Amino acid sequence: MEKYEVTGMSCAACQAHVEKAVRNVDGVTSCEVSLLTNSMTVEGTASPDKIIDAVTKAGYGASPVSSGPSDISLKEDPLQDKETPVLKKRLISSVLLLLILMYFSMGIPMFGFPSPALLKDNMLALGLIEMLLAGLIMVINQKFFISGIRGLIRLAPNMDSLVALGSGISFIYSFMTLLKMTSGTHDMAVMNDLYFESAAMIVTLITVGKLLESVSKGRTTDALKSLMKLAPSTAVILRNGIETTVDIKEVLVGDIFVVRPGDQIPVDGIVVEGISAVNESALTGESIPVDKKPNDKVSAGTVNQSGFIKCRATGVGEDTTLAQIIKLVSDSASTKAPIARIADKISGIFVPAILVTAAVVTVIWLLTGSSLSTSLTRGIAVLVVSCPCALGLATPVAIMVGNGVGARNGILFKTSSALEQTGRIKTVVFDKTGTLTAGIPSVTDVFPSDGIAEAELLESAYCLEKRSNHPLGKAIADYAHDKDTTLNECHDFEEIPGKGVKATFNGQVIAGGNPVFISTLVTVPDDESSTINRLSQEGKTPMLFACGSKLAGIIAVSDTIKDDAPKAIGELNKMGIDTVMLTGDNEFTAQAIGKQLGISQVIAGVLPSQKEETIRSLQAKGHVAMVGDGINDAPALTSADIGIAIGAGTDVAIDAADVVLMRSDVTSVPVAIELSRKTVRNIHENLFWAFIYNILLIPVAAGAYAWAGITMTPVLGALAMSISSFTVCMNALRLNLFKTETHKGDTNKMATTKTISIEGMMCGHCEKSVKTALEALPGVKSADVSHEKGLAVVVIEGNVSDEDLTKAVTAKDYKVNGIT
């Protein structure tokens, strides 16, 4: 996929023209143009030169954008608002000249304002001055005329064409009237047929709208800009044992960099020395700092809260997590949501339809006996009141803001389509291990069979599971290791996915796995079957081991349910969404865990290869989302309507997913669905406004209600047109107020989190003393204090200054080293 910057677009019609031109290029398979970001993504085999040439011939400009995110992750230039300053200058100049024009066109002849003797009762001179001033204003705003006339010549009219025609016809008609005045007719009636101020006011008011639109559009990318600001510009690396500050671009994979308390981590890396707590809220939305020790990963843009750490760089430039997030959010905003197709189709024919409508309206009024002046006024009003911009912006501004809000909450939608479709989910399917459970199982019970010693059972299990990659096998191997069990060498090792493992030891086959698998190899006595059922009902997973033709025993393993999982399931149930858990566990164990979670439906005994088939069967009931984290979840994530990968998952799962949750908890799943629903609702509101605006005001501009005294001048039409796009953008910005019950524990209504570095705490009593002092402050909701970390994480809901926090701590005879 190639990305291009497109220049010269002013409305949805321009967007449609560019898309049509590029799609007609041989080798182009798809093309999507974003009016919001002035960007274009193209897929296919066509060369960049052919694509740029097609855009140029359509009357616009294009240039390729670097495919890597390294540049945009290090500076804000790609999203720098270059349009607003230019529009401000144009508007100021236009308004100043317009005020002077209004003085001459209305102040002197209508209100008797002071004027030079030369102009007294000299209507021709006044008309000439009006023409010059209006001409200057039109020259200042020549962009409308250049773009508009070029579009008309190329038979691809756009919004600028409507503005240019409306203003231009007013000016030309006034100029013709002025020529009549040279024949000697200088009365006030003729002056009333001069519309120079209308010609000037149309382009000025449209510029006002463009400025408001530009400012509000700029605010829709605030979240992306804030992500870009996270990346430090320098890093401190160790070279020959000496700390050296270098530009971030000079950091290489393998370099050792140091990070002091309060500093941002410059690139992705692994801690090699030191212990600290890192605030990762900028990437995950989680306000509580995460402990870091040697061999733990750290990410660029996060903040080191406490200790001094040394790290080895593992990802730099475009390979950092932060850069990938920025690229994901930026690319998502460049894609087109399915709901936008309707607006695009209408935009493609909207401007030509308005041109025809304006011409028909003018002719009808002429045929009914109205004057040329009145008829032209009606036609011009239709031209300038029509607004294809609002249609073109209705979807992308909401998508951009929705993506930004998601990124702030640690939710990344890979495409605009994913953001739209997530809200339609009727069923959410969860993989159990690592998604609903911690994925770190431990051994809870060991039951050797009659005649088998526990040490003998553990030796067989250790021999097998030491070579297994399954989390349950690793738990058993770790348990055996901790029991100082002898590790024997086995041969012909074989792992049967979803069932178990087997090998050869001392000339006999040994095997381990689930009850169904082992029962095909040996006979399971009734007593052991009762034990299996009891363990399963307790939510534990019984693993059976066989030596030769005899059952060696049972080892029970339990995986802890994540603390947040029941809450997430409860939220989904409240939203009317069915929840399903897929697991390879037996029915008893699966049902026990499902009951603890509050899951609507449990599907047990599912092999990894059967997950995709199960997803397809569930899709008969409606849209299905699959939430997983492992390699074996990838096919199911792909086949589901929406695949959701949690941040701690494998790269394969993340690549296969449509939505990525930066947190490792599943509370973000209902948040993602609710955000999608609110974004789509916002798009519907925008589209409704854009359509209803045109449906209601075009007939008014055409004079359909003139019999009731309801009419519209071109000036009022231009004002209404200016407001419409601004209204759509501002409505989209309401998404920034998005709050959800699921995250109230973290964010609260207006909650902020501050981390205090405290020196002097030695024990639990110290923690309690500081906690009590902080929570006694008005506006402090809670304080989480750790004497081991030397930190206090304070959640604040009111106006609490750093000075207040410092006083509260120092009053208990502890020292505050810093507050972030």
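Student: Which residue forms a salt bridge with Glu 685?

Tutor: Happy to start there, and please keep in mind that this is a predicted model. The general idea is that side chains of opposite charge can pair when their charged atoms come close. Here the partner of Glu 685 is Arg 734, and their closest N and O atoms are 2.7 Å apart. The pair links distant parts of the chain: Glu 685 sits in helix H27, while Arg 734 lies in the loop between helix H28 (714-733) and strand E27 (752-759), 49 residues apart.

Student: Are Glu 685 and Arg 734 buried, partly exposed or exposed, and what relative accessible area does each have?

Tutor: Glu 685 has a relative accessible area of 31%, so it is partly exposed. Arg 734 is partly exposed too, at 43%.

Student: How many salt bridges does a search of the whole structure find?

Tutor: The search finds 16. One of them joins Asp 802 and Lys 754, with the closest N and O atoms 2.6 Å apart. This pair also links distant parts of the chain, since Asp 802 belongs to helix H30 (residues 802-810) and Lys 754 to strand E27, 48 residues apart. Asp 802 is partly exposed at 33% relative accessibility, and Lys 754 is partly exposed at 21%. Another salt bridge brings together the side chains of Lys 293 and Asp 296, at 3.5 Å from N to O. Lys 293 counts as partly exposed because its relative accessibility is 47%.

Student: Which charged residue is buried yet has no salt bridge?

Tutor: Look at Lys 562, in the loop between strand E21 (550-558) and helix H22 (565-574). The nearest side chain of opposite charge is that of Asp 564, 6.0 Å away. Setting aside residues up to four places away in sequence, Lys 562 touches Gly 434, Thr 435, Leu 436, Thr 437, Ala 438, Ile 646 and Ser 664.

Student: What else is Leu 436 in contact with?

Tutor: Leaving out neighbours within four places in sequence, the contacts of Leu 436 include Lys 562, Phe 430, Ile 561, Ile 569, Met 581 and Val 666. Leu 436 is also among the residues that touch the most other members of the largest nonpolar core, which has 134 residues.

Student: Now for sheets. In what order do the strands of the open sheet of 4 strands lie?

Tutor: The order here is E2-E3-E1-E4, with antiparallel pairing. Strand E2 (28-34) and strand E4 (61-65) are the edge strands, each pairing on one side only. From one strand to the next, the twist averages 25°. Between E2 and strand E3 (residues 39-44) there are 6 bridges, and Glu 32 has Thr 41 of E3 as its bridge partner.

Student: Which helices pack on this sheet?

Tutor: Helix H1 (residues 12-23) touches strand E1 (2-7), E2 and E3, and its direction makes about 165° with that of E2. Helix H2 (residues 48-57) touches E1, E2, E3 and E4, at about 150° to the direction of E4.

Student: Which way do the residues of strand E9 point?

Tutor: For a strand, check the side chains one after another. In E9 (residues 276-279), Ser 276 and Val 278 point one way and Ala 277 and Asn 279 the other way, and all are buried. E9 pairs antiparallel with strand E10 (residues 290-292) over 3 bridges, where Val 278 has Val 290 as its partner. E9 is also joined to strand E12 (residues 303-304) by 2 bridges, again antiparallel, and Val 278 stands opposite Asn 304.

Student: How many helices and strands does the chain have?

Tutor: The chain comes to 30 helices and 30 strands. Of its 820 residues, 54% count as buried.

Key
Residues are numbered from 1 along each chain as its sequence is written. This is a predicted model: local features need pLDDT of at least 70, side-chain atom pairs count only at pLDDT 80 or more; totals for chains, interfaces and linings use all residues. Side-chain values use heavy atoms; hydrogens and water are left out. Two strands pair if DSSP finds at least two bridges between them. Axes are lines fitted to C-alpha atoms, for helices over the stretch in contact, and angles run from 0 to 180 degrees between N-to-C directions. Contact means heavy atoms within 4.5 Å. Buried means under 20% relative accessible area, exposed over 50%, partly exposed in between (1.4 Å probe, protein chains only). Lys and Arg count as positive and Asp and Glu as negative; His and the chain ends are not counted. A salt bridge is a side-chain nitrogen of Lys or Arg within 4 Å of a carboxyl oxygen of Asp or Glu. A nonpolar core is a set of buried Ala, Val, Leu, Ile, Met, Phe, Trp, Tyr and Cys residues joined through side-chain atoms within 4.5 Å.
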